[in-house]
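Hello,

Here is the structure I promised to pass on. Please have a look at it first; my notes follow below.

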Amino acid sequence: QGRAGGLVGGVSSFGYSGTIAHAVLRAAAPPGERWVDRPRGGVAYRRRAFGWVEPRHPLLQQRLPPPDGTSAVFRSATAGVLRDLVADHVVRGRVVFPGAAYLEATRAACAAAKLGAGDGAALRAVFFLQPLVLEETAAEWLECALAVGGAFELRSGSGDTAEVVHCSGRCT
């Protein structure tokens, strides 16, 4: 309650793109009346923590334990999210994994394994070896393997066996 029986309050709003607005509001009691100050009810605040969960990259759905000589291995099922992401990339009537997706998968893997600078990575000596055709009878998974020296391979396979290397190069 402010002077002369008026009410004073503040409002803050935190909006999109960093927009912040503050307003102080004052209301005066009508002439001849005086507002009575009422006891304020206690507001109980409780501190709570909410864990932050990074969404999975659609091209790197699972991180596997790396075998010897490898710094990181990421695997994604070719059915589901990965296929839906590239389903419109059709060549001669077949869904083909795009070359840009090989590069993005490798960039994301290098960033997740902290091989590049910051969130980026410089890819060098990249070779596209064989296209990955995503059909019902195709490979079960796509894997990005990063070697200790910075070399990488994107390969597909089924079961526990890598069958075809589609792209290779170096990540720095």
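Two strands are taken to pair if DSSP finds at least two bridges between them, and helices (H or I, at least four residues) and strands (E, at least two) are DSSP runs, numbered from the N terminus. This is a predicted model, with pLDDT of at least 70 needed for local features and 80 or more for side-chain atom pairs, while totals for chains, interfaces and linings use all residues. Residues are numbered from 1 along each chain as its sequence is written, and side-chain values use heavy atoms, leaving out hydrogens and water.

Six strands form an open sheet in the order 3-4-8-9-10-7, with antiparallel pairing. Strand 3 and strand 7 (123-128) are its edges, each pairing on one side only. From one strand to the next, the twist averages 25° (axes are lines fitted to C-alpha atoms, for helices over the stretch in contact, and angles run from 0 to 180 degrees between N-to-C directions). Strand 3 is joined to the antiparallel strand 4 (residues 70-77) by three bridges; Leu-64 has Val-73 of strand 4 as its bridge partner.

What packs on the sheet? Helix 2 does, touching strands including strand 8 (141-147), strand 9 (151-158) and strand 10 (161-171), where contact means heavy atoms within 4.5 Å. Its direction makes about 140° with that of strand 7. Within helix 2, Arg-107 and Glu-104 lie three residues apart, about one turn. They form a salt bridge, with the closest N and O atoms 2.8 Å apart (a side-chain nitrogen of Lys or Arg within 4 Å of a carboxyl oxygen of Asp or Glu). The count of salt bridges comes to four.

Happy to talk it through.

Best wishes
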